[in-house]
Amino acid sequence: MLAAAAHEARTAGPDEREHAESDLSRALRAAVDQERFREKLSESPGGRSLLEELDAAVAKVVYARSFFNNAVGVTRTAQRRWLARTLRLAGRTEFPQFFEIDDNPPETMATE
């Protein structure tokens, strides 16, 4: 389930990306929130490094979406200002769109 969700998120087109990445977040939570998942994985060879990499990746996704959406907000505000509209500094570009996905971390990651 997790591998299929990861593949879908990697190969999704621009219109399907948000949905596919939200599905990956839900699949990740379903896997990681299983009883003793972290304990079992950390006991396997290379398990600890996988958990550390997973924790770092989850944090990076949350930060990246936050930074991106902040930049979109600033850009939209700048494009609406009278000087930008008067001098047509934005040209005919559309307003950038916010990127909304389900990026809540698994419960076991949020509490550690």
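Helices here are DSSP runs of H or I with at least four residues, numbered from the N terminus. Axes are lines fitted to C-alpha atoms, for helices over the stretch in contact, and angles run from 0 to 180 degrees between N-to-C directions.

Before you click, remember that this is a predicted model: local features need pLDDT of at least 70 and side-chain atom pairs count only at pLDDT 80 or more, while totals for chains, interfaces and linings use all residues. Residues are numbered from 1 along each chain as its sequence is written, and side-chain values use heavy atoms, with hydrogens and water left out.

**Stop one: α1 and α2**

Select residues 2-11, which make up helix α1, and residues 17-32, which make up helix α2. Their axes are 8 Å apart and the packing angle is about 160 degrees. That makes the two helices roughly antiparallel (the label covers angles over 145 degrees). To see who does the touching, show L2, A5, A6, E8 and A9 on α1, then A20, E21, D23, L24, A27, L28 and A31 on α2; contact means heavy atoms within 4.5 Å.

**Stop two: two serines in α2**

Stay on α2 and pick S22. Is S22 buried or exposed? S22 is buried, with 9% relative accessible area (buried means under 20%, exposed over 50%, partly exposed in between, using a 1.4 Å probe and protein chains only). Not counting residues up to four places away in sequence, S22 touches I101 and D102.

Now move to S25, also in α2. S25 is buried too, at 14% relative accessible area. Leaving aside neighbours within four places in sequence, S25 is in contact with D102 and D103.

**Stop three: rings on α4**

Jump to helix α4, residues 47-80, and select Y63 and F67. They form a stacked aromatic pair, 6.5 Å centre to centre with 25 degrees between the planes. The rule takes rings of Phe, Tyr and Trp (its six-membered ring) with centres within 6.5 Å; planes under 30 degrees apart are stacked, over 60 edge-to-face and the rest tilted. Y63 and F67 are 4 residues apart, so about one helical turn separates them. Y63 is exposed at 53% relative accessibility, and F67 is exposed at 57%.

**Last stop: R80 and F95**

Finally, select R80 and F95. R80 lies over the face of F95, 4.8 Å from the ring centre; the test asks for NZ of Lys or CZ of Arg within 6 Å of the ring centre and within 35 degrees of the ring normal.

How values were computed
Angles under 35 degrees count as roughly parallel, over 145 as roughly antiparallel, 65 to 115 as roughly perpendicular and the rest as oblique.
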